[in-house]
Amino acid sequence: MSQPIKILLAEDELALGQIVKESLETRNFEVLFCENGETALKTYLKEKPELLVLDVMMPKKDGFELAQEIRVNDKHVPIIFLTAKSQTKDVVEGFEHGGNDYLKKPFSMEELIVRIHALLNRNRLKKTKDKIQIGDYIFDYTKQKLAYDTEEVPLTHREAELLFHLSEVRNEILDRSLILKKIWGDDDFFNARSMDVFITKLRKKLKKDENIQIVNVRGYGYKLIC
């Protein structure tokens, strides 16, 4: 049997946390279970897990705050937020704080497992990518930043992931539904609104090269023209 993948689970609902922990352990994951954000941060710094599953509403330090602190030193570890919140602004806030996925309670264990494997696979692929030329910009996928001349512009995880997929099919249409399911896990209304926000931010960060456009192809998706 292969070495278990180490996951940090931060959840203040003890019963739910134990269920998730035991379910993951039956699937060859090693689970570090913490009941509050402060303990989770200490455990993360000590154990360096491969993926984090964080409840948003926790005592001492909430999931968003915890993720933000972790992102200061680690730009790449995948983070899944667990929450009962469902407003578009909450979803966007989660991604802005460094989250890679967002699972609404109640959820099925099978759905969580699928999302965990998807994020782990994407994270491993990212580490193999070189720098990508986009017009006059150099896109560093691993370090999540854009370089223009001597200026460097940082990207959030979601921005970097979206720009990578756009660049892979540059000058062709990136299917909206497909990329929502691939990156966000679902193509529902809230995720679609969230992606629109990130597209707008990418346009602003690429605006110094007038030959670069991200075009909305209504009813189909987006096209990176460069």
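Let me start with Pro-106, which lies in the loop between strand E5 (101-104) and helix H5 (109-126), where helices (H or I, at least four residues) and strands (E, at least two) are DSSP runs numbered from the N terminus. A cis peptide bond joins Lys-105 and Pro-106, with omega at about -5°.

Please keep in mind that this is a predicted model, in which local features need pLDDT of at least 70, side-chain atom pairs count only at pLDDT 80 or more, and totals for chains, interfaces and linings use all residues. Residues are numbered from 1 along each chain as its sequence is written, and side-chain values use heavy atoms, with hydrogens and water left out.

Two other loops deserve a look. Lys-48, in the loop between helix H2 (37-47) and strand E3 (51-55), has a phi near 50°, a positive value in a residue other than glycine. Lys-48 is partly exposed, at a relative accessible area of 49%; buried here means under 20% relative accessible area, exposed over 50%, and partly exposed in between (1.4 Å probe, protein chains only). Asp-149, in the loop between strand E8 (145-148) and strand E9 (151-154), likewise has a positive phi, near 60°, and Asp-149 is exposed, with a relative accessible area of 71%.

Turning to the whole chain, there are eight helices and 12 strands. Of the 226 residues, 49% count as buried. If we take contacts, meaning heavy atoms within 4.5 Å, between residues at least 6 apart in sequence, 58% of them join residues at least 24 apart. Finally, the C-alpha atoms fill a box of roughly 55 × 40 × 35 Å, taken along the principal axes.
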